[in-house]
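Here is a walk through one structure, ring by ring and helix by helix. Keep the viewer open as you read.

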Amino acid sequence: MNNGYGIFVHFPLNGSEYSLKVCFQSLIKQFKNENDRIVDFNVLENKRLELLVHSESPVICAPNLIVEDNTASISMKGLRACDLRKIEMDLRNEILNRRSSSGKVIEFHIKDRSSHNLIFEFIEKDSNFMPKETSAVSSTSFESSDIRAEDNIFSDHKPNALLLIDLANLLSRCYHASAYKKEEDELLRSSKGIFTNGIKTLVEKLLKMLKTYNITHCAILHDVPRNSTWRRAIWPEYKAQRDSKEKPFSLEQQFQTAKDLFTAMGIKQITVDTQEADDLAGCFAKRWSKEMDGTVYICSNDKDLHQLLDDNIVQLVDDQPFRVEDFTKKFQMSAEQYADWKGMLGETGDNYPGIPGVGEKALPMFLRYGSFTALYDALDQGSIDPEYKKYINKLASGRKTGEISKQLATILTDLPEVNAIAWDELKLKINRAAFLEIMDELEIKLKSAS
């Protein structure tokens, strides 16, 4: 079939009604023509659904969705983009109806496939109430009752929720936000000369996150020095432009203060040789998403972390939740594709080149093939679409730096050192007395309980 082409999408292990919509819309957008039809399909182990589409398919089929008990069976072969739209709407209505009648959260996953049918399974889960994340997270005030009282922050009877904090990212933001246009001698400090401007803001944000997202588990993640990371080992220029920039003393001092504070509070801090905080976050987040029933929140503004997003992983960007559906809407691709795309583009801030001459305008080409590997497979086979022939020489000459850049952009998600840490070690059991003692010592005043 000379007019055939492949399209694909990664379905989540357990998805919501919204993620089902996103997945189907991704497939629909990949059809070259409304009248092209599906002639074959396959489901891989990682829930990647691959469709072979052809413009001259002899198979013509009306959309056929059969719902029995907790499964929905779709006859795939012969369907067009418009048929997928109807099936998507029918599936979403089925989820909404089940939710309405049962009062439970309804999730779905791909269960199986037969020769012609794709089979989804519906899963009922008890609804765990969680307050809406509002602008309260970014408030700069907090109450002493947040830490003094036996309130919900420290309750043992609530749904699991993990908070991962990239300390370098968060403390640097807190410091610079409160140090803007100030000389070092103008910054907030204690009577003993200990700088506290960043620490105060960090504590404010920490308490708000613990309370707003009902956190039960928490870990503080540390980077190793840049010159000892595995990324620097494979690409000596990685973040090299930052080496000559020294942290202000007032910031450097507060990193040590923060470490001492978290130690006293009893919050787990983690450093792993050669690894950056992003890799620790990637391992904890993906492991939690698979093993635990609950949400993981990653506190960091680093866009590299977008690649980790799924239905159970939320990134807190500028103190606001950024979810997988927000990513798909903004970037028009799946979170799993983001590292490949960054590998092609390169990253000025991290100082790796990507594929020279391939920039943002190459996005349609990237989406057409869906991954770095698929794009280069097409290049090797001489089957790059003529529409993108202007990139052929650039892809060929930039292959090596592209491959290295993709490796640098990809966050690790399977580290033995992290996998060996039991979830109970991250259980939030804050030492209130030690926390308040340090607050008093640093002369950071909490408001009186109302």
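Start with a charge over a ring: Lys32 lies over the face of Tyr5, 4.8 Å from the ring centre. The test requires NZ of Lys or CZ of Arg within 6 Å of the ring centre and within 35 degrees of the ring normal. Arg287 lies over the face of Trp423, at 4.2 Å from the ring centre.

The model is predicted: local features need pLDDT of at least 70, side-chain atom pairs count only at pLDDT 80 or more, and totals for chains, interfaces and linings use all residues. Residues are numbered from 1 along each chain as its sequence is written, and side-chain values use heavy atoms, leaving out hydrogens and water.

Now the ring pairs. Rings of Phe, Tyr and Trp (its six-membered ring) pair if their centres lie within 6.5 Å; planes under 30 degrees apart are stacked, over 60 edge-to-face, and the rest tilted. The count is 14 aromatic pairs. Take Phe195 and Phe249: the centres are 6.3 Å apart and the planes stand at 80°, so this pair is edge-to-face. It links distant parts of the chain, 54 residues apart. Phe195 sits in the loop between α4 (167–179) and α5 (197–212), and Phe249 in helix α7 (residues 249–265). Helices here are DSSP runs (H or I, at least four residues), numbered from the N terminus.

Buried means under 20% relative accessible area, exposed over 50%, and partly exposed in between (1.4 Å probe, protein chains only). Phe195, at 4%, is buried. Phe249, at 53%, is exposed.

Phe327 and Tyr338 form another edge-to-face pair, 5.2 Å centre to centre with 80° between the planes. Phe327 is in helix α9 (residues 324–331) and Tyr338 in helix α10 (residues 338–345), so the pair ties together parts eleven residues apart in sequence. Phe327 is buried at 0% relative accessibility, and Tyr338 is buried at 5%. Elsewhere, Phe11, Phe24, Phe108 and Phe120 form one aromatic cluster.

Return to α5. Just after α5, Asn214 takes a positive phi of about 50°.

Cys218 is buried at 1% relative accessibility, while Cys82 is partly exposed at 29%.

Conventions. Helix = DSSP H or I, 4+ residues; strand = E, 2+ residues; numbered from the N terminus.
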